[in-house]
Amino acid sequence: MDIPDLLNYAIAFFSLFTLNVFILLYLKHRNDYHKPLKHSGWTPSVSIVMPAYNEEKYIVSSLRTLLDLDYPEDKLELIVVDDGSTDNTYKVAKAFEGPNLHVFTKKNGGKGAALNFGIKNAKGELVATMDADSYVTKNTIRELIPYFDDLDVMAVTPAVKIRESSHWLKEFQRVEYLMILFSRKLLSFIDSVPVTPGPFSIFRRAVFDEIGYFDEHNLVEDQEIALRIQAANYKIKSSMTAEVFTEPPDSMGDLITQRVRWQRGGIRNYWKYRGMIRPEYGDFGMYFVPLNFAALTAFFLLLGLLAYSILSTPYYVQYIWFEALGMDVTFVTFVGTFVVLTSTFFLWLAIRSFQGERVKLRYLLSFLIFYWYIMVGYNVLFLFKELKRERYSW
Amino acid sequence: MKRTVSFPIYAAAFVISLAIFVIGIYIGMLIDQANVRSISDDVSNISEKVASIQLLLLSEGNSSSFCPIYVSQLDSIDEDVERIGYKLSYLEEEKGIYDAELKKKYFIVEAESYLLSGKVRTLCGGDEVLLINFYSNRDCAKCRDQGVEVLKARDALSDEGIDVKLFSFDGEIGSPVAEAFAMQYNVTTYPSVIINGRTYAGYRSSEDLQAYIKAAR
């Protein structure tokens, strides 16, 4: 057996193992994950901090959904931080100002800085972050609060979803988001939630004083803060019923740009917290953090192996390509097929676990077929930018 | 919060993965065996076809009345022989499956079809060129490239309407037939190319080969 063979075997085993862990987590918790939580009835004061940069298009609808939240008015505070927008965001938001809705404006300094500015002005026991291009539903807060009965819980992530449409790139991301949500829920059972998404993650106000505020120079500040909470050995829980709808990128260019940013920032953040790869950090340290490095390595190895096998194809194969295809059906094909089928099953489980979420077959198929190519696209770009040492910023 | 590592989950995932892995390897082995068997069957089939033509030739002596049959049969036999050769090479180079006995058996059929093609060409007056590519899979850096050049030359000439039949022998696997041919054509180094009986030792480019082949007609 030569080195490419060994690498193929290693990647095959790694993919099998990772997939099996998720399937087993599902089997173990299949009766827990949609059970409503018992709730003590605690009704804390909640501040919602919404940073906004050039969001005049969306902010009105977003604010309306916040004002429509089912939560006692005297316990709810809304803080809009206009981050030096060059459009009418500030003026538009200002029109909504009231006793419980404050609108601030500051010099442009990035999302992290705007969030920190808002949090410092927040008076609630809990603080939710909010994106101006996202919309909550009536019971979003109510669904999130019960998790805080556990005093170790410092943050709860909502079910960030995309509204159903007939735009294929949006539908594509909708499927992806459902899969991510489902995986995040499963990860919450082993206390390994790695991100508190910008739209409506909710925190104990006290956690910021203890571990610090958002990193203002981070490409993915909502992931960095989650890793910091994990590093402090606090819990992050994940809700599948507290819905928030967000506007995804609607062009391939924007999507790739977003993902390259996530990837560049994400890997740097895991690298920053690589010290957590120790038994005292439990599943998060011994499984989840290493998994991210392993997955990235496996991905690039697989890409390299594919390129190698194409480049090293003997000349004569053109005369017997059909037979060669048949001879290439081997062990790796078997494991590959198993992994593809099982991930398809996993995807089906994920979608099925959300009541009322339906995905048209054509979007599901396009997701299954094209996800890999989009991943190749942004990962290659990611590698390219890292190797070029391109400036690391928004 | 006190953290723990969920060992049972990882252990179970490991065992399940290992089980699928082992099943996969077993299935892979079955497929490999099936591939070898299928090529072995191909060789036997061709062998029978070759034998029947030989029989016809023997019974008809030097009469050219059966030429259309000889020519069409041999064309298809030679084509099949070439494809089986590629399949064997693919198994050996890409899959690491090497079956010395099968390869020797294949060389016998190949030698038979080469000799028959030569004989039929003389008898029936064909103008195709017979080319033997002598290679070795041991310590022969240029052999793989030579194989590519031979194919390029053949394909280029086929566009011009010149018919070349290819035969390849590995001279260093202890095949008696291949060794006898090597002796007959004075092959001492690999790669060597023999065009209509004339030996060209050492690596030759596709352009050179095309020139030799045109000269040999």
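Which residues of α4(A) are buried? In this predicted model, they are A:Lys111, A:Gly112, A:Ala113, A:Ala114, A:Leu115, A:Asn116, A:Phe117, A:Gly118 and A:Ile119. A residue is termed buried if 20 or more other C-beta atoms lie within 10 Å of its own, exposed if 12 or fewer do, and partly exposed in between, with C-beta atoms placed from the backbone. Helices (DSSP runs of H or I, at least four residues) and strands (runs of E, at least two) are numbered from the N terminus.

Because 9 of the 10 residues of helix α4 (residues 111–120) of chain A are buried, this helix is largely enclosed by the rest of the structure. The cover over its buried residues includes the strands β1 (46–52), β2 (76–83), β3 (101–106) and β4 (126–129) of chain A, together with the helices α7 (205–211) and α8 of that chain. Contact here requires that the C-beta atoms of two residues, placed from the backbone, lie within 7 Å.

Some conventions apply throughout. Residues are numbered from 1 along each chain as its sequence is written, while chains are lettered from A and ligands numbered from 1 in the order in which they are written. As the model is predicted, local features need pLDDT of at least 70 and side-chain atom pairs count only at pLDDT 80 or more, whereas totals for chains, interfaces and linings use all residues.

The predictor's confidence in each residue is given by pLDDT, on a scale from 0 to 100. Chain A averages 93, and 99% of the residues score at least 70.

The nonpolar interior may be considered next. A nonpolar core is a set of buried Ala, Val, Leu, Ile, Met, Phe, Trp, Tyr and Cys residues joined through C-beta atoms within 7 Å. The largest such core has 85 residues, and A:Ile48, A:Val49 and A:Met50 have the most contacts inside it. This core draws at least three residues from each of domain 1 (3–28 + 280–387) and domain 2 (35–250) of chain A, the domain bounds coming from an automatic or database domain assignment. Leaving aside residues up to four places away in sequence, A:Ile48 touches A:Leu66, A:Leu78, A:Ile79, A:Ala128 and A:Met130. A second, separate core of 48 residues includes B:Tyr86, B:Ile132, B:Cys143 and B:Val164.

Chain B contains 6 helices and 4 strands, which follow the pattern α-α-α-β-α-β-α-β-β-α along the sequence. Its radius of gyration, taken over C-alpha atoms, is 23 Å, well over the 17 Å that the globule rule (2.2 Å times the number of residues to the power 0.38) gives for 217 residues, so chain B is more spread out than a compact globule. The C-alpha trace of chain B spans about 95 × 40 × 35 Å along its principal axes. Buried residues account for 34% of the 217 residues in chain B.

Chain B is divided into domain 1 (21–126) and domain 2 (127–217), whose centres, taken over C-alpha atoms, are separated by 18 Å. In the contact between them, 15 residues of domain 1 meet 15 residues of domain 2. On the domain 1 side, α2 and α3 (100–124) of chain B are the elements that give two or more residues, and α3(B) gives the most, with 11 residues. By class, this side has 5 nonpolar, 4 polar and 6 charged residues; Ala, Val, Leu, Ile, Met, Phe, Trp, Tyr, Cys and Pro count as nonpolar, Asp, Glu, Lys and Arg as charged, and the others, Gly among them, as polar.

Between the chains, 31 residues of chain B are in contact with 36 residues of chain A. The helices α1 (7–60), α2 (67–95) and α4 (143–159) of chain B each supply at least two residues of the side that touches chain A. Of the elements on that side, α1(B) gives the most, with 15 residues. The residues of this side of chain B divide into 18 nonpolar, 8 polar and 5 charged.

Finally, the backbone has some local features in loops. The peptide bond from B:Tyr190 to B:Pro191 is cis, with omega near 0°, and B:Pro191 is placed in the loop between α5 (176–184) and β3 (192–195) of chain B. B:Asn186 is found in the loop between α5 and β3 of chain B and has a positive phi of about 60° although it is not a glycine. With 10 C-beta neighbours inside 10 Å, B:Asn186 counts as exposed.
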